Protein chains: 2
Amino acid sequence: MQRGRLYLVTSPSERLLETVEAALQGGLTLVQYRDKDTEDGQRWERAAQLCQLCHHYNALFLVNDRVDLALAVGADGVHLGQQDLPIAVARRLLGPQGLIGRSTTNPEEMSRAIAEGADYIGVGPVYATPTKAGKLAAGLEYVRYAAQQATVPWFAIGGIDTENLPQVLEAGAKRVAVVRAIMQAEHPTQAVQHLLRLLDQ
Amino acid sequence: MQRGRLYLVTSPSERLLETVEAALQGGLTLVQYRDKDTEDGQRWERAAQLCQLCHHYNALFLVNDRVDLALAVGADGVHLGQQDLPIAVARRLLGPQGLIGRSTTNPEEMSRAIAEGADYIGVGPVYATPTKAGKLAAGLEYVRYAAQQATVPWFAIGGIDTENLPQVLEAGAKRVAVVRAIMQAEHPTQAVQHLLRLLDQ
């Protein structure tokens, strides 16, 4: 986790591999494969391809939700939502080396995730986002809280792009996770470079 | 597998545990937890409860689709559809002792599942069923084919109940899997006893 300040969470795309590779070429070092709709057989194939690609670029690769897919493809870990498997259960299956992240939307979820042994947490949604439709934005206030209280690496997430990133950094974030800012960028390599420049300022 | 001629595949129910326990009391020895809609955290809890219940009654317990849930709760195996994980991948995660079943709807899928190492296969859907809405019934013809050709234990499945079970047995089935015939029975214990009586004739 220490080496990544920018975290790409993928969304379904016809150009999934190309987009992720372009992003890796821009210097991305953290990728999460997130795909709620595809059948498992195909999901496993894509996860295997993405894992190989990420490791080729020396980036960490995590799988959303699915510990079995993560184990099957040799991923570095999993990311679990609040309604997913308990962290302790995932830990038992993944072993002590596997990275486990947990989404959190408020201080109470943050404390619990850290107490349960999350290696990192997501902090958001900072802004409203179609990835979590219908979910109220937790806002910059929760980012400020995380900046004061979080004792594990944390990523601000939710509707973050090059436009609003300065505000998020201003609120105390040092790491961010994005979906659309990379997945829907016309030039993912440049998008990553731009985000990384802002993060490094 | 050898000990079970009747296989219950669960459907979502407010009385899931009660129904399964009543079925176990009727002599059921094989249960598969199938639940496509529930969030993973809750699914894990239910799977853990069902697994404990089944093992208490000395019945085998399998999980649909999810190898991680199966591993997490100590299930006896998984059941995989055609679009799910490859059998070899599941085998690697589950180990040699884990039971792996595969749904098949035609001779080609049957051969492949057996070649890939399935411990048992589903053969169906024999009749149209809401569990696989929009899927054409494979019919009794495929059951007759299985009776001649299958070299692993196989379960006729799809819309089977006490009414049509005699036809399915007539076509050569020795084992059947059901959903509604037990899950929606007014008295699951008696439903199981009735089905087992027919199977034993």
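Biologist: Which strand of chain B holds B:L8?

Modeller: Strands here are DSSP runs of E with at least two residues, numbered from the N terminus. The model is predicted. On that definition, B:L8 belongs to residues 6-9 of chain B, which form strand β1.

Biologist: Is B:L8 buried or exposed, and what is its relative accessible area?

Modeller: The residues that B:L8 touches beyond four places in sequence include B:V20, B:L28, B:V178 and B:I182. A residue counts as buried under 20% relative accessible area. B:L8 is therefore buried, with a value of 0%.

Biologist: How far apart in space are B:L8 and B:V126?

Modeller: In sequence, 118 residues separate B:L8 from B:V126. In space, C-alpha to C-alpha, the separation of B:L8 and B:V126 is 16 Å.

Biologist: Which three residues supply more than any other three of the area that chain A buries against chain B?

Modeller: The two chains bury about 1500 Å² between them, with 67% of it on carbon and sulfur atoms. Of the area that chain A buries against chain B, 29% comes from three residues: A:D68, A:Q83 and A:L85.

Biologist: Which side chain of chain B meets A:R66 in a salt bridge?

Modeller: The interface of chain A and chain B holds 2 salt bridges by the rule applied. In the salt bridge of A:R66, the N to O distance is 4.0 Å, and the partner is B:D68.

Biologist: Which helix gives the most to the side of chain A that touches chain B?

Modeller: In the contact between the chains, 18 residues of chain A meet 18 residues of chain B. Helices α2 (40-56), α3 (67-73) and α4 (87-94) of chain A each supply at least two residues of that side. The most, 5 residues, comes from α3(A).

Biologist: What span does helix α9 of chain A reach from its first C-alpha to its last?

Modeller: Among the buried residues of α9(A) are A:V192, A:L195 and A:L199, and what covers the buried residues includes β1 (6-9) and α1 (16-25) of chain A. The helix runs over residues 188-200, 13 residues in total. Its span is close to the one expected at 1.5 Å a residue, and reaches 18 Å.

Methods
Residues numbered from 1 in each chain as written. Chains lettered and ligands numbered in written order. Predicted model: local features only at pLDDT ≥ 70, side-chain atom pairs only at ≥ 80, totals over all residues. Heavy atoms only, no water. Helix = DSSP H or I, 4+ residues; strand = E, 2+ residues; numbered from the N terminus. Expected span 1.5 Å × (residues − 1). Buried < 20%, exposed > 50% of the residue type's maximum accessible area, 1.4 Å probe, protein only. Contact = heavy atoms within 4.5 Å. Buried area = accessible area lost by both parts, 1.4 Å probe.
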